Amino acid sequence: MNYDINHLTFEEKLRLLTGKDFWQTYDANGKLDSVFMSDGPNGLRKCDGEHTEESIAMPCISALANSWSEETVFTDSATIADECAEKGVDILLAPGVNIKRTPLCGRNFEYFSEDPYLSGILAKAYIRGLQENGVGACIKHFCCNNREYDREFISSEADERTLREIYVRPFEIALEAEPWLVMCSYNPVNGIYASENKKILKDLLRKRLGFSGVIVSDWGAVHNSYKALKATLDLRMAFDERAYGELKTAYERGLITDAEINFSADNLLRLLEKVQNAKKERRKVRFSVAERRERALSVARESIVLLKNEGALPLDPRKSVYVAGGFSSDPPYGGGGSSKVRTTFKSEPLARLICERTGAKTGFRQHFSDDGMFAEKCLLESAAAADRVVLCVGEDERKNREGADRITLRLSEVQENAIKMVGKVNKNVTVVVYAGGAIDMSPWIHSVNAVVYAGFCGETVNLAVADILTGKVCPSGKLAETFPLSIADTVAYPYEPNGYYDRYEDGIFVGYRRYDRDGKEVLFPFGYGLSYANFVYSDLVVRKAGETSFTLSFDVENLSSVSGKEVVQVYVKDIVSSVSRPEKELKGFVKKLIEAGKKERITIRLEADAFAFYSAALDEWYVENGDYEIQIGSSSRDIRLKARVKIELPLESQYTVEKADLREIGSET
Ligand code: GLC
């Protein structure tokens, strides 16, 4: 189906540049079909007015990222696409790829990682899972929306290299999946609102990165319609009665041109065509609700992270288990705000799920919740009487939500006290943590034997937790963000906003890049996660495949009697560089099932982008000659194999070379 812009009147073209209502595009008096958009990244939130339809609450993107699996991410978004198909939603306003600069950001549960490469690769899989199933993706929030505090006013101030290497990089990688829309963020970037920021929308996103789809505003993020249009923002959402008049007046004053209006109107007509074609060719309902829930469970199983295990897990079926904590029967499945899914699904309480899987004698009492009462005497007596204890703690949407940041990384005092007290009366305690981001466990982690990080893993979370606690599933998740030892070690502290701008003085040193540079100990490093299996790496062979291409191959052997999946990570270090560079940067990863007692040979290819940095001097990605160290690890701080490679590009391509080199190309010295 083709839409011809010449069939639209001038007024219809102007009106097309603003939504028809909260969720739909303008239909030009019936000449066009409207496109229906809905949130969100953690499952479908389809609402019209007061009513929100019930949907499957999938694992949140922060939990999904802990799977380190493109296949799992694809399954996740394809499942949401199926629900969109059933409910007539054309565009899902997802994924969010904002970098976790501070672990306190209230919306981190909606984002992938502190690392741009991991965020970009997983976002690409997420976009494919939607669009290959006929639903458009809208990657967001472009850009530098890295905290919630006063997000509509405080300017994120970042230099060009920091923007390109860290905050824009996930979008650049994800654009390879050709998302139909990009949503701009609320905040100003270097002093100008993202919605009217020509530098980031027209010059960077469109011209440098080649985005040719629709740029849509975050809801209410446009402050001036004609300035947004000149920055090539195509669609102002949601409907705003002032928009048409603003644009008409601007046109009459010669502030905007026919070419600018037609450019954006045409982008919207192309979007309508993509939606119509997708509806016809790829969009159909494939799964029942039960099948979608099974898929949500398969995703959750891949996304849970085993952080500590000193002889506690898997639970011994011959031993009695006492389960305590409100989240064991009513776990948080997501955070608050626009991404919040409405679900009425409740799994059985965790105690019963454990008993169903192993036959173990189990008991359960709520005793305490996130910040509720703490029935101390009863809890301690029951905990002392049982062979094993499982404590369910964490945070819910009250501390992980859009519009507000967290003020601490620690659990509530009630929960911390409960953990420490139970640890005194029972020597076999497992803590299950439900949260939307990093938690500072340092006050209590030494009092317990095991910690399982469930994150916000959707409505089936406790089914997946029970599978992992009982050994039905071998844990394979790895942290996609660092868990710092203290908030004082992070960029967030002390966060004293001056009310106008947030200067990104940390530059490219975000997350593990920061802790490595500062030599900081952390509670759990980026990429960390334990297994019930035991993997050893060996026999690394590196082959040069081109000037900046290398093929790495190495063995991973599972020495245990438990089959499990391992996430192998490849980091690159520039040994000597002309600019400051991180100690290491993630440039490749693979998640692989390795059967008990077996060995697999893994091959990973590195290309130029594995060695490049963004040169502010050249305004380009630049690979500098010299030695690089390849580090292959089970986490960013558990490097198992190393090798050095040399990049030797023609000197003409190099800058700031030694005088000795100049002689080689016949220059006068
Ligand atoms: C919200 C969010 C954005 C969401 C949109 C529509 O304010 O910032 O992520 O998609 O508005 O609900």
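Q: Which residue does Lys-87 form a salt bridge with?
A: Glu-83, with the closest N and O atoms 2.9 Å apart. A salt bridge here is a side-chain nitrogen of Lys or Arg within 4 Å of a carboxyl oxygen of Asp or Glu.

Q: Before we go on, what are the ground rules?
A: This is a predicted model: local features need pLDDT of at least 70, side-chain atom pairs count only at pLDDT 80 or more, and totals for chains, interfaces and linings use all residues. Residues are numbered from 1 along each chain as its sequence is written, and side-chain values use heavy atoms, with hydrogens and water left out.

Q: Back to that pair. Where do Lys-87 and Glu-83 lie?
A: Both are in helix α3 (residues 70-87), 4 residues apart, about one turn of the helix. Helices (H or I, at least four residues) and strands (E, at least two) are DSSP runs, numbered from the N terminus.

Q: Is Lys-87 buried or exposed?
A: Lys-87 is buried, because its relative accessible area is 14%. Glu-83 is buried too, at 5%. The cut-offs: buried is under 20% relative accessible area, exposed is over 50%, and partly exposed is in between (1.4 Å probe, protein chains only).

Q: How many salt bridges does the structure hold?
A: 70.

Q: Which residue does Arg-513 pair with in a salt bridge?
A: Asp-115, again with the closest N and O atoms 2.9 Å apart. This pair links distant parts of the chain, 398 residues apart. Arg-513 sits in helix α16 (residues 512-517), and Asp-115 in the loop between β4 (91-92) and α4 (116-131). Both residues are buried.

Q: What about Arg-161, which side chain does it meet?
A: The side chain of Glu-165, in a salt bridge of 2.7 Å, N to O. Both lie in helix α5 (residues 160-167), 4 residues apart, about one turn of the helix.

Q: Why does Arg-161 count as buried?
A: Because its relative accessible area is 11%. Glu-165 is buried as well, with 6%.

Q: And which residues do shared partners join into one network?
A: Asp-82, Glu-83, Glu-86, Lys-87 and Arg-292, through salt bridges that share partners.

Q: Switching to cavities. How many of 30 Å³ or more are there?
A: 6 by this rule. On a 1 Å grid over the protein atoms alone, a cavity is a set of points where a 1.4 Å probe fits but cannot get out. Lining residues have an atom within 4 Å of a point. Grid points are joined across faces, edges and corners, and a volume is the space filled by probe spheres set on the points.

Q: What volume does the largest cavity have?
A: About 110 Å³. Its lining includes Glu-165 and Arg-513, along with Pro-116, Tyr-117 and Trp-621.

Q: Over how many bridges do β7 and β10 pair?
A: 3, in the parallel sense, with β7 spanning residues 181-184. In β10, Val-216 is the bridge partner of Met-183.

Q: Last one. Where does Asn-108 lie?
A: In the loop between β4 and α4. Asn-108 is buried, at 1% relative accessible area. Not counting residues up to four places away in sequence, Asn-108 touches Ser-62, Lys-100, Thr-102, Pro-103 and Gly-436.

Note on methods:
Pairing = 2+ DSSP bridges. 1 Å grid on protein atoms, 1.4 Å probe; cavity = no way out; pocket = protein on both sides within 12 Å on 5 of 7 lines; lining within 4 Å. Contact = heavy atoms within 4.5 Å.
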